[in-house]
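Please read the sequence alongside the three-dimensional view.

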Amino acid sequence: MSAFSPEQRANLDDYGGHLSTELRRSGRGKSATTERSRQNHFLNWAYDTIGLSDPCMGGRVHPQARNYLLACYAVSLVKGETIRGHLLRHKTITRYISVACKLFEKRKILDPYLQGSGHGPGQHHLRRRQDYEAVENRRNMISDEMMVDILRRAAKESPTSLVAALADWIILGQYTGFRLSEWAQETCRAYARIGHTSDAVAMTRDDFVFKGPHGLTLDQHNLPAYADIESVDVHWRHQKNGDHGEQIEYAKNRQHPQMCGVAAALRIVERADQLNNPSHHPLGVYDDHGTKFITGADTASFLRTVAAAVYKLDPEKKRDQEILSRYSAHSIRVRAANVLHRQGMSDSYIQKRLRWKSTTFLNYLRNTIYAADQHNALMGIPTNNLPDLSDRAGRPLNRFRLPQPTDSFRALAAAAAA
């Protein structure tokens, strides 16, 4: 095969693969076949996605360039760009990298990804991934790709359907970081109450107050048109963190109305009114041969359906079942934290804005790499929803953190070139 150039070998690979399939299966076993498939995957990624004529970058190439290439390959694997298009565990990703490195070894090219100090951008991110997988009872975040799929599904359904209702709560939840108890129930027929009172734990109609220009409170009984609304005040009568009575204002997202929390809040109230939901009942309702409350099980089932479709997961396979089980109503809260994190907000700011009492939310940050600017304009939080905040002592919180080398491909490139 040395008579062929790397590009020629790639062109011949499909034909030669058919000729040698049976030989490899019988003579080298399943593990060798898997290794060959993963090496081919790296080669195809380098040829087709990156456009390299030589995936091993032989010749007088700075070692950091190869390190950067493998780091980006690791990122692609984390994002689910694998042989079968599935999300992979840290252990499997390292095996993909390992067999790719053997291609370098065959050509006697020292691989800095393995030979170096172990502090390159690729290793750093994989350690983050490993730490994240070690978190007990962790929940996966709702990705941008999943949000796109959710919006498409909601657009095809009735405004009072479960899918449309869930989409609205997920959109608004990206701003508020809702806890499950604040909007959904354990059963579709009854709602949780505060202590021995008749008051609902979850949001009711009076907890959403729409405002117009200059903060003027609008008529809440005759709902205003979206064009007349500038913001919505969300009132938490009861919170897990004990800050009962907290009220936070959320502004309209004019750039991208489909991701506007104010529009989602308005649809939530309009849906409840259309279903004749009593004003003291929770707002998280939908129509299914009668008015029903949204449940945590409804949310988990929906998110798992979306994740299975987006990431090509098979709910019948044990391995995929484990991945899908990581999606639940808490995934909304995880997304809210990660969206603020990727926009550069500081940990203290995220903790305050999303009403976390402890720093447990840090377990969910920095576990996902985003392609540079992918969906950022559409999926981000507009600046009018990122106000200055203060801690309990009244001291201003730092809004932004220092950029991390795992924030994007661009940051990885800068780290690799350093």
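What follows is a walk through a predicted model.

The protein has 14 helices and 5 strands. Of its 418 residues, 50% count as buried. Among contacts between residues at least 6 apart in sequence, 67% join residues at least 24 apart.

H2 has 16 residues and reaches 23 Å from its first C-alpha to its last, close to the 22 Å expected at 1.5 Å a residue. The helix is mostly covered, with 12 of its 16 residues buried. The buried residues of H2 include Arg 66 and Asn 67, and from Leu 69 the list goes on through Leu 70, Ala 71, Cys 72, Tyr 73, Ala 74, Val 75, Ser 76, Leu 77 and Val 78. Just after H2, Gly 80 takes a positive phi of about 95°.

Along the chain Arg 89 is 234 residues apart from Ile 323, yet the C-alpha atoms of Arg 89 and Ile 323 are separated by 9.3 Å.

Helix H3 runs over residues 90-106. With 17 residues, H3 reaches 25 Å from its first C-alpha to its last, close to the 24 Å expected at 1.5 Å a residue. Its buried residues are His 90, Thr 92, Ile 93, Tyr 96, Ile 97, Val 99, Ala 100, Cys 101, Leu 103 and Phe 104. Just after H3, Lys 108 has a positive phi of about 60°.

H2 and H3 also pack against each other. Their axes come within 10 Å and cross at roughly 145°, and the crossing is right-handed. On the H2 side the contact is made by Arg 66, Leu 70, Tyr 73, Ala 74, Leu 77 and Val 78, and on the H3 side by Ile 93, Tyr 96, Ile 97, Ala 100, Cys 101 and Phe 104. By class, the residues of this contact divide into 11 nonpolar, no polar and 1 charged.

The next helix to follow is H7. Helix H7 (residues 162-176) meets helix H11 (residues 330-342), their axes coming within 7 Å and crossing at roughly 45°. That angle makes H7 oblique to H11. H7 passes H11 in a right-handed crossing. Ile 170, Gly 173 and Gln 174 of H7 touch Ile 332, Arg 335, Ala 336 and Val 339 of H11. This contact has 4 nonpolar, 2 polar and 1 charged residues.

H7 has a further partner in helix H9 (residues 296-311), where the two pack at an angle of about 90° with their axes 11 Å apart. H7 is therefore roughly perpendicular to H9. Leu 162, Val 163, Leu 166 and Ile 170 of H7 make the contact with Asp 298, Thr 299, Phe 302 and Leu 303 of H9. In terms of class, the contact of H7 with H9 has 6 nonpolar, 1 polar and 1 charged residues. Ile 170 of H7 takes part in the contact with H11 and in the contact with H9.

Two loop residues remain to be described. Most residues other than glycine have a negative phi. Asn 276 has a positive phi of about 55° although it is not a glycine. Where does Asn 276 lie? Asn 276 is in the loop between helix H8 (261-274) and strand E4 (285-287). Its relative accessibility is 67%, so Asn 276 counts as exposed.

His 289 is the other residue to look at. Phi of His 289 is near 55°, a positive value in a residue other than glycine. The position of His 289 is in the loop between E4 and strand E5 (291-293). Because the relative accessibility of His 289 is 80%, this residue counts as exposed.

Methods
Residues are numbered from 1 along each chain as its sequence is written. This is a predicted model: local features need pLDDT of at least 70, side-chain atom pairs count only at pLDDT 80 or more; totals for chains, interfaces and linings use all residues. Side-chain values use heavy atoms; hydrogens and water are left out. Axes are lines fitted to C-alpha atoms, for helices over the stretch in contact, and angles run from 0 to 180 degrees between N-to-C directions. Helices (H or I, at least four residues) and strands (E, at least two) are DSSP runs, numbered from the N terminus. Angles under 35 degrees count as roughly parallel, over 145 as roughly antiparallel, 65 to 115 as roughly perpendicular and the rest as oblique. A crossing is left-handed if the near helix is turned anticlockwise from the far one by less than a right angle, and right-handed if clockwise. Contact means heavy atoms within 4.5 Å. Ala, Val, Leu, Ile, Met, Phe, Trp, Tyr, Cys and Pro count as nonpolar, Asp, Glu, Lys and Arg as charged, and the others, Gly among them, as polar. The expected span of a helix is 1.5 Å times one less than its number of residues. Buried means under 20% relative accessible area, exposed over 50%, partly exposed in between (1.4 Å probe, protein chains only).
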